[in-house]
Amino acid sequence: MSQGPRSGLAAVSSALLAMSRQMEVRDVLKTIVASARELLDAQYAALGVPDDHGGFAQFVVDGVSDRQWKAIGPLPRQHGILAAMLQEAKVERLADVRKDPRFEGWPSAHPDMSDFLGLPIRDGDEVIGALFLANKNCPKPEGSCGFTEEDQELLSILAQHAAIALTNARLYERSRELTIAEERSRLAHELHDAVSQKLFSLRLTAQAATALIDRDPARAKGELHQVAALAAEAADELRAAVVELRPAALDEDGLVATLRTQIQVLDRAHTARVTFAGRGVKALPSAQEEAVLRVAQEALHNALRHSEAEHVDVTLDRRGSGAVLRIADDGCGFDPKAIRRAGRHLGLVSMRDRASGVGGTLTVESAPGKGTMIEMEVPGG
């Protein structure tokens, strides 16, 4: 707090406002960590959300590059100082974390840390996370901790508000999941009622035509015309249901936020690193937004299930009044011509159809051992 009380208060206020604006859990975690590191002028900051199996469901760092983070390896387990903060729910302020008897070492690529300040994030009696900082950027006399009691008090205030922001974000995500589940259930019920009735009539009419084909061909012909009409009606019902299945998140959050959320989920669920960047994209017509989302989902499915990629990068950039979507991976790649000759498509036909259906284009660049890049451009309104 060397900047003085006024600037310190302004910094705290900015951090709390930033946390309150975020609705996605991972965005909240990143904001908390970045705010804590900036407020206390530390070299490193991290926040871990524990799971029920001795590890962390989520672990966010600030001050470590993506390359360094990947080199460190798997997420830490709940042991040593981290376990103490989670299990004993008390603050830890240490002059040198490496000299603490509970210290159990870290991977070779892990940055070297000395002075340490950590504390639990609590929601009532439940510990929902551990927030810690290391290497205060200040002169430190031999054997002393750079983090002060004032720093500890400030971090405690931040942690209290972090608990509120994190709990609200979790409730928001849960609420949206329930809304989506309810919508799917409603559509499934409507689809079953409407289409199953059409298919039942279709089956009976076809059976009648079969029975009449020999003794009354003219009447059988009329029944077959009815079969065709019923089939067309069933197809229309299905098409209407698919149109109604436009993801609710698109209407509520928009394309960029929806893509970011889905990619964050994929990043947590897969060993490959999945990243997203959206730059300057304005709202697009609903048909274009849905087409972009569906193509992104199909391309990500291919990259994560078939390419053996370590990195998948998704970008959405503004181009004129429209947008350009790119999904690039560093996986095994493929020969697009060979795929077509073998009668396999990896969803490419569907993706091209979606792009052309909204006046856009789709290009695919890939080669064995060279990864894959899929680019989709759509016009604006």
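**View 1. The whole chain, a predicted model.** The protein chain holds 11 helices and 10 strands. Of its 381 residues, 40% count as buried. Among contacts with a separation of 6 or more, 63% link residues 24 or more positions apart.

**View 2. An open sheet of 5 strands.** The strand order is S2-S1-S5-S4-S3, and pairing is antiparallel. Strands S2 (56-62) and S3 (92-94) stand at the edges; each has a single partner strand, so one side of each lacks a neighbour in the sheet. On average, neighbouring strands are turned by 15 degrees against each other, direction ignored.

**View 3. The S1-S5 pair and the helices on the sheet.** Strands S1 (residues 42-50) and S5 (residues 126-136) run antiparallel and are joined by 6 bridges. Tyr44 stands opposite Ala134 in S5. Helix H2 (residues 25-40) lies across S1, S2, S4 and S5, at about 40 degrees to S2. Helix H4 (residues 80-88) touches S1, S2, S3, S4 and S5, and its direction makes about 140 degrees with that of S5.

**View 4. The largest nonpolar core, with 35 residues.** Residues with the most contacts inside this core include Leu255, Val312 and Met376. Helix H9 (286-306) is one of the elements that supply at least two core residues. The largest share, 9 residues, comes from H9. Beyond its neighbours within four places in sequence, Met376 contacts residues including Ala291, Val295, Leu325 and Leu362. A second, separate core has 31 residues, among them Ala45, Val60, Leu155 and Ala159.

Definitions and conventions
Residues numbered from 1 in each chain as written. Predicted model: local features only at pLDDT ≥ 70, side-chain atom pairs only at ≥ 80, totals over all residues. Heavy atoms only, no water. Core = buried A, V, L, I, M, F, W, Y, C linked by side-chain atoms within 4.5 Å. Buried < 20%, exposed > 50% of the residue type's maximum accessible area, 1.4 Å probe, protein only. Helix = DSSP H or I, 4+ residues; strand = E, 2+ residues; numbered from the N terminus. Contact = heavy atoms within 4.5 Å. Pairing = 2+ DSSP bridges. Axes fitted to C-alpha atoms, helices over the stretch in contact; angles between N-to-C directions.
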